Amino acid sequence: MKDLTIAICDDQGVFTDILGDMLEKVLTDLHVIGWKIKKYTSPMLLVKELKEIEVLFLDIEMPEMDGIEVGKRIMEDNPDCNIIMATSRIDRVKEAFHIRAMRFLTKPFEEDEVKEAMMTILDRRTSHHQIEVYKDRVKINIKEKDIALIRAYNGYVEIYAGNEVFRKDVSIIKFEEEIDSRIFFRINRQYLINFGYIEKYDNNKVMVCGKSYNIARKKQKEFIQQYIDFDLRFRGTR
């Protein structure tokens, strides 16, 4: 999965710094890998770089360009961007709906609200992310969340999704870089499993799709912690 690019735009640098620090802590706590935060105090500079931004925390009242106007530019140039209005102007909430803002955070920012907003985005991102695989030499895109298990062979991997088996000519190490580390775990040298498909865990073995797989001894402690994190994070939302 490509790196997550988050932008903060507020004409007052103190707020970009406060929110930036909060986001760093939230992303670390959520075990998100591969992200960067860009800070803007000028909306004019922001609009020049809109296409690379996936999440934008946007102030409404700024001297150079109103945040609502920035939002309209985003809808034209990067309609998939997730906009979160971060402002003290509660009276302008209705305007934010016209630019499809998904959240509204008020100043002063609270970490729990920032975390909740990012969790919603990460859930949406995972559910839509697709992986390019092959079936009988035909290229197919499948949803990452539908993959139950990945098995390594010499130089390629088999991907088990639904009742089908797909193939991709990459190493399991390379494939691991493509997928979301919050929902997949490398239990040993040969297998990556999706936490959401675990049917049973007992005596350092996991059952996935009716079959039992060993967890390498050196992986067991890390597996338990990440499985707990997954359970708290995703159960009931997937």
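Author: Two residues are in contact when heavy atoms of theirs lie within 4.5 Å. Please note also that this is a predicted model.

Reader: Understood. Which residues is Ile147 in contact with, leaving aside its neighbours within four places in sequence?

Author: Ile147 touches Ile131, Ile142, Ile159, Tyr160, Ala161, Phe175, Phe184, Asn194 and Tyr197.

Reader: What is the largest nonpolar core, and which residues have the most contacts inside it?

Author: The largest nonpolar core has 32 residues. Those with the most contacts inside it are Ile147, Ile150, Ile159, Phe175, Ile187 and Phe223. In soluble globular proteins, nonpolar side chains tend to be buried together.

Reader: Which elements give two or more residues to this core?

Author: They are β6 (130-135), β8 (147-152), β9 (157-161), α6 (172-178), β11 (184-186), β12 (191-194), β14 and α7 (220-234). The most comes from β8, which gives five residues.

Reader: And what does the second, separate core include?

Author: That core has 22 residues, including Ile8, Leu23, Val26 and Met102.

Reader: Let me turn to Ile172. Where is Ile172 found, and is it buried or exposed?

Author: Ile172 is found in helix α6. Its relative accessibility is 6%, so Ile172 counts as buried, the cut-off for buried being under 20%.

Reader: What is Ile172 in contact with, again leaving aside neighbours within four places in sequence?

Author: Its contacts are Ile150, Ala152, Val157, Arg186, Arg189, Gln190, Tyr191 and Leu192. As for Ala152, its C-alpha atom is separated from that of Ile172 by 5.6 Å, although the two residues are 20 apart along the chain.

Reader: Which way do the residues of β12 point?

Author: Tyr191 and Ile193 point one way from β12, while Leu192 and Asn194 point the other way. All of these are buried.

Reader: How do β8 and β11 pair with β12?

Author: β8 pairs with β12 in the antiparallel sense over three bridges, and β11 also pairs with β12 in the antiparallel sense over three bridges. Ile193 in β12 is the bridge partner of Leu149 and of Phe185. A hairpin of four residues joins β11 to β12.

Reader: Another topic: what is the order of strands in the open sheet of three?

Author: The order is β13-β14-β15, with antiparallel pairing. β13 (198-202) and β15 (211-214) stand at the edges with a single partner strand each, so one side of each is left without a neighbour in the sheet. On average, neighbouring strands of this sheet are turned by 25 degrees against each other, direction ignored.

Reader: How many bridges join β14 to β15?

Author: Four bridges join β14 (residues 205-208) to β15. The bridge partner of Met207 in β15 is Ser212.

Notes. Residues are numbered from 1 along each chain as its sequence is written. This is a predicted model: local features need pLDDT of at least 70, side-chain atom pairs count only at pLDDT 80 or more; totals for chains, interfaces and linings use all residues. Side-chain values use heavy atoms; hydrogens and water are left out. Two strands pair if DSSP finds at least two bridges between them. Axes are lines fitted to C-alpha atoms, for helices over the stretch in contact, and angles run from 0 to 180 degrees between N-to-C directions. A nonpolar core is a set of buried Ala, Val, Leu, Ile, Met, Phe, Trp, Tyr and Cys residues joined through side-chain atoms within 4.5 Å. Buried means under 20% relative accessible area, exposed over 50%, partly exposed in between (1.4 Å probe, protein chains only).
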